[in-house]
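Student: I would like to go through this model with you. Please show the sequence and the structure.

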Amino acid sequence: MEMLHYDFMQRAFCAGGLIAVIASILGVYLMLRRQALMADMLSHVSLAGVAGGAYLHINPTLMGFVVATLGAIAVEYVRRSYKSYSEISVAIIMVGGLSSAVVIMSLNQSINKGFSAYLFGSVVAVNETELMLMLIVSLVGGIFFYVFRRPLYQITFDEDTAKTNGLPVKWISLSFSVLTGMIVSAAMPIVGVLLVSALIVLPAALAIRIAPSFTSALFLAMGIGLLGVFSGLTASYQSVRRPAAQLHSYCCFFLF
């Protein structure tokens, strides 16, 4: 295909495929755990890391990755402190992350100029470093979901019973939260802060609705995610056929 002759489109398809698969799996677990807003919350937290990285002259992508991971750990601890009101953790961390980002951005007005890429993403502008980060996160996520597939299944549907069966619920849940932060921050360069939750939640929501079993929901969510990303990239290229500098804004639109 003609579009695959371009390096930026090859990176876009690789990055989109990796994130679509791992994000769709994550979305199924988040939906069943009633933590669908966690992805949106961590994207706002990672925005604070991006702002901090730009202000301190550190790689914003890597800084956002670290802060999102720390935010995921904080969510897990706050959630366990308010067992009867676990959704409070999402509200507290989201507000804290967003307000921190605003404060840091106000310290240096020049930071605001380059933030549109982090808000909306640019799938065709993914560089080698970001692609490698996505590959590592996808491999780690795939290994985690495969190794802990049975414990995660029990914890997802009945955490108390899983604890009674002797499973280390606390550590598995903490690891799951950390992985969520890693996937969210890795997906940000593709779809940005405003749409990262859509990439995670929408394929899972549709799959859960029509799939007859849990396993089929996972595979169906992956298929829907890949179909959405690949068809979006293909449609944007076919409809625009312009240089890469003009193409990236259309790819983000057609992605969903």
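Student: Is the crossing of helix 3 and helix 9 right-handed or left-handed?
Tutor: This is a predicted model, where local features need pLDDT of at least 70, side-chain atom pairs need 80 or more, and totals for chains, interfaces and linings use all residues. Residues are numbered from 1 along each chain as its sequence is written, and side-chain values use heavy atoms, without hydrogens and water. A crossing is left-handed if the near helix is turned anticlockwise from the far one by less than a right angle, and right-handed if clockwise. The crossing of helix 3 and helix 9 is right-handed.

Student: How far apart are the axes of helix 3 and helix 9?
Tutor: Axes are lines fitted to C-alpha atoms over the stretch in contact, and angles run from 0 to 180 degrees between N-to-C directions. Helix 3 (residues 60-81) and helix 9 (residues 169-210) pack at about 145°. Their axes lie apart by 8 Å.

Student: Is serine 46 buried or exposed?
Tutor: Serine 46 sits in helix 2, residues 37-56. Buried means under 20% relative accessible area, exposed over 50%, partly exposed in between (1.4 Å probe, protein chains only). At a relative accessible area of 0%, serine 46 is buried.

Student: Which residues is serine 46 in contact with, leaving aside its neighbours within four places in sequence?
Tutor: Contact means heavy atoms within 4.5 Å. Beyond those neighbours, the list for serine 46 is Gly64, Ala68 and Met188.

Student: How many of the 20 residues of helix 2 are buried?
Tutor: Helix 2 is largely enclosed by the rest of the structure. The reason is its buried count, which is 16 of the 20 residues.

Conventions:
Helix = DSSP H or I, 4+ residues; strand = E, 2+ residues; numbered from the N terminus.
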